[in-house]
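Please view the sequence and the model together while reading.

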Amino acid sequence: MTGTPWQEWTAADAAAWIRRPGADDDKYRRGVLGVVTGSTEYPGAAVLGVEAAYRTGVGMVRFTGPRAVRAAVLLRRPETVVQAGRVQAWVLGSGMDPGRRTFLLQGDLQHALASGQPVVLDAGALDLVGTHSAPTVITPHVRELATLLASREVRTSVDEVRADPAAWAERAAHELGVAVLLKGARTHVCDPSGNRFVIEASTHWLATAGTGDVLAGILGALAATHGEALQTDATVLTHLAATAVHVHAAAGKLASEAVGGGPITALDVAEQVPRVIGALLARA
Ligand SMILES: NC(=O)C1=CN([C@@H]2O[C@H](COP(=O)(O)OP(=O)(O)OC[C@H]3O[C@@H](n4cnc5c(N)ncnc54)[C@H](OP(=O)(O)O)[C@@H]3O)[C@@H](O)[C@H]2O)[C@@H](O)CC1
Ligand SMILES: Nc1ncnc2c1ncn2[C@@H]1O[C@H](COP(=O)(O)OP(=O)(O)O)[C@@H](O)[C@H]1O
């Protein structure tokens, strides 16, 4: 698993992947994101992902989930639509326990996977990788990647993945045939075509509950707003994944700077995302 070095994904790289709305756009043309996340055990993950998607810039979010989770999402983001309908990309799995899938949830996940639209598989939906053919990116942390690979009969352990995340991210992309975003202080993004990007965290305060759920929402919004490009080139998703990590890291930095370099919450990160998007658009 050697080859060209991993490319540092910079603000200049990210700036090329932010879509500015135009005069001809309406909310549908900008892109609609379908979100199936959260559970009665983890409602907050759904709130955080939806919040982050809106803050990244998307035409609309359609959210599917249990009544209590829908209520929590709507309380924070009343613009969210909880009716089923057409979307340009999906985020599935944040805040879900794969061992506790209801019949209804199983149907919602299958519907999303059968739609042919690009998919971000996070947390409790990682086990679904390989069950569909649409462009896919998985967003595990080290433990989740080790568990996923072990379930596909690849011999590894959490310690091995932690010791060489770059190599294991690449191995996973080849074994699973999808783009991989392996989270950590250094986040590795790669795909089976050989794209390999790395992003250094801006602040270690990002290691706090729910920041991964925010990252999934940012990436989902970027995918939904690039629906057309993704129809013809699945590797667009790899570039969008690296861009999402850059946006997330930069938002974390701004959030901490706003409190004098102090600690941040996941919601603080989401709230800084529009500033990062604005700054990226200003350089494009
Ligand atoms: N607000 C929300 O709704 C949020 C929802 N979230 C959602 O939660 C779901 C689970 O995601 P996750 O990554 O946290 O769990 P997971 O991969 O199963 O790893 C568990 C591992 O951690 C370890 N461990 C646990 N406690 C420990 C301790 N005190 N000190 C040390 N180790 C400890 C534990 O080790 P063990 O106790 O077994 O030895 C086990 O190995 C996921 O769907 C995510 O989206 C999160 O995003 C947070 C915000
Ligand atoms: N030590 C660290 N320094 C900086 N960023 C980190 C560090 N550890 C984790 N992160 C980042 O924090 C986020 C945590 O995501 P995740 O593990 O999914 O947490 P959660 O499930 O609580 O949302 C990821 O974006 C990851 O890259």
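**Helix H11**

Helix H11 covers residues 236–257 and contains 22 residues. From its first C-alpha to its last it reaches 32 Å, close to the 32 Å expected at 1.5 Å a residue; the expected span is 1.5 Å times one less than the number of residues. Helices (H or I, at least four residues) are DSSP runs, numbered from the N terminus.

Of the 22 residues of H11, 20 are buried, so the helix is largely enclosed by the rest of the structure. A residue is buried if 20 or more other C-beta atoms lie within 10 Å of its own, exposed if 12 or fewer, and partly exposed in between, with C-beta atoms placed from the backbone.

**Basis of the model**

The model is predicted: local features need pLDDT of at least 70, side-chain atom pairs count only at pLDDT 80 or more, and totals for chains, interfaces and linings use all residues. Residues are numbered from 1 along each chain as its sequence is written, while chains are lettered from A and ligands numbered from 1 in the order in which they are written.

**Packing of H11 against H12**

How do H11 and H12 pack? Their axes lie 8 Å apart, at an angle of about 110 degrees, which makes H11 roughly perpendicular to H12 (a term for angles of 65 to 115 degrees). Axes are lines fitted to C-alpha atoms over the stretch in contact, and angles run from 0 to 180 degrees between N-to-C directions.

Among the residues making the contact are Val247 and His248 of H11, and Asp268 and Val269 of H12; contact requires C-beta atoms, placed from the backbone, within 7 Å. By class, the contact has nine nonpolar, three polar and two charged residues. Ala, Val, Leu, Ile, Met, Phe, Trp, Tyr, Cys and Pro count as nonpolar, Asp, Glu, Lys and Arg as charged, and the others, Gly among them, as polar.

Gly261 lies in the loop between H11 and H12. Because Gly261 has 10 C-beta neighbours inside 10 Å, it counts as exposed.

**Surroundings of the ligands**

Ligand 2 is surrounded by 16 residues, and the closest include Lys183 and Ala201; a residue is near if its C-beta atom, placed from the backbone, lies within 6 Å. Helix H9 (residues 211–224) gives the most to this shell, with four residues.

Around ligand 1 there are 15 residues, with Tyr42 and Gly44 among the closest. This shell has five nonpolar, seven polar and three charged residues.

Note on methods. Helices (H or I, at least four residues) and strands (E, at least two) are DSSP runs, numbered from the N terminus. Angles under 35 degrees count as roughly parallel, over 145 as roughly antiparallel, 65 to 115 as roughly perpendicular and the rest as oblique. Two residues are in contact if their C-beta atoms, placed from the backbone, lie within 7 Å.
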